[in-house]
Amino acid sequence: MLLYKHYEDKEISEKMVCKNCGKELPEGTKFCTSCGTSCEEAAPQTAAPQAASESANGASQTVTPAAEAPKEAEAPKAAEAPKDVVAANGDKPQAAGSDNVKKLAFIGGIAVVALVLLIALCNLMFGSSPKKAFKACVTAQYSCDVKKLWNNSITAKKAQKALDLYDKDDYEDDYEDLKDYYEDLKEDRKDDGIKYKVSVDIKDVEKIKKSDREFKWAKEFMEDYYDCDADKIKQFAIVEARIKAEYYEDGDRDKDYDVDTGRTQYLMIKIGSDWYFTGYSRDDIKEYLKYYK
């Protein structure tokens, strides 16, 4: 038989319980009225009292057991790496990174093509040409711009080096002589109030390649007159143009000093990517070559 104590208002009452069937019995009972088991054999045991807390007015309050601590949240599973992309035709799986490589290669190819087109466009807009070089030389001559005249003609350093004509001392001396000449001419024209109104009317440009018949006489002229290696010349060109220069002195028109070349052909050479004026017309060259046939 088990014995537990019940605490209520600080008074203790004892009850007996049959150890065999668990029936509550009055205190002092020797035999269980339910099953007949002897109640004297078991020593009384005190049951654990129910915890109670007293309020300020004496009423008891049952203490609610603390809630169980929540279980630790399961760590999220790491995202699985993407599987290889399987081709639709059943071939071996293709790595996803290879698609990026192909895209980069495609973009790179487009960028290269765009760059080539841009360079070609810049050369077309700002690069050298027979027309530009010829017109620059003519206008520079009448405006006494020696630097512009020098760099667009065969006297340019790049042209002379390519034709094995460059000698540093001779080059610098010739440039200084030409510079002095045009500076003096410009000063005289300014003192006398002389101005030229120049127009260059280019009718046609005929480019002569190495495969053309006219390339031979142009090459012979360059080699004989300049004593150079004309094999460095990639291309010749004939610019057919009319040069007109109207003369003014102190604002007054004076036709006696006008210049009008009529339609004349002029020889140009190409070295590298640039064009240069030789300073000669085709008629002059043909007349000159008569002595070398």
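View 1. At 18% relative accessibility, E240 counts as buried, because burial is assigned under 20% relative accessible area. This close-up, like those that follow, is drawn from a predicted model. E240 is found in strand β7, which spans residues 235-249, and the residue that stands opposite E240 in β9 is Q265. Once the neighbours within four places in sequence are left aside, the contacts of E240 comprise D201, I202, K203 and D204, together with R263, T264 and Q265.

View 2. Strands β7 and β9 pair in the antiparallel sense, and 10 bridges are found between them. R242 forms a salt bridge with D260, and the closest N and O atoms of this pair are 2.6 Å apart.

**View 3. The salt-bridge network of E246, R253 and D258.** E246, R253 and D258 are linked in a network of salt bridges; in the structure as a whole, seven salt bridges are found. R253 is partly exposed, with a relative accessible area of 34%, while E246 counts as partly exposed at 26% relative accessibility.

**View 4. The hairpin of β9 and β10.** Strands β9 and β10 form a hairpin with two residues between them, and G272, which lies in the turn, has a positive phi of about 65°. The two strands pair in the antiparallel sense over five bridges, and within this pairing the bridge partner of I269 is Y276 in β10.

**View 5. The salt bridge between K158 and D274.** The side chains of K158 and D274 meet in a salt bridge, with an N to O distance of 2.9 Å. This pair links distant parts of the chain, K158 being in helix α4 (residues 157-162) and D274 in strand β10, 116 residues apart. K158 counts as partly exposed at 39% relative accessibility, and D274 is likewise partly exposed, with a relative accessible area of 23%.

**View 6. The second largest pocket and its lining.** About 370 Å³ of space lies in the second largest pocket, which is lined by 19 residues, those nearest its centre being C137, Q141, L149, F277 and G279. Helices α2 (130-143) and α3 (146-151) and strands β9 (259-271) and β10 (274-281) each supply at least two residues of this lining, and α2 gives the most, with five residues. By class, the lining of the second largest pocket holds 13 nonpolar and six polar residues but no charged ones.

Note on methods:
Residues numbered from 1 in each chain as written. Predicted model: local features only at pLDDT ≥ 70, side-chain atom pairs only at ≥ 80, totals over all residues. Heavy atoms only, no water. 1 Å grid on protein atoms, 1.4 Å probe; cavity = no way out; pocket = protein on both sides within 12 Å on 5 of 7 lines; lining within 4 Å. Points joined across faces, edges and corners; volume = space filled by probe spheres on them. Helix = DSSP H or I, 4+ residues; strand = E, 2+ residues; numbered from the N terminus. Nonpolar A, V, L, I, M, F, W, Y, C, P; charged D, E, K, R; others polar. Buried < 20%, exposed > 50% of the residue type's maximum accessible area, 1.4 Å probe, protein only. Contact = heavy atoms within 4.5 Å. Pairing = 2+ DSSP bridges. Salt bridge = Lys/Arg side-chain N within 4 Å of Asp/Glu carboxyl O.
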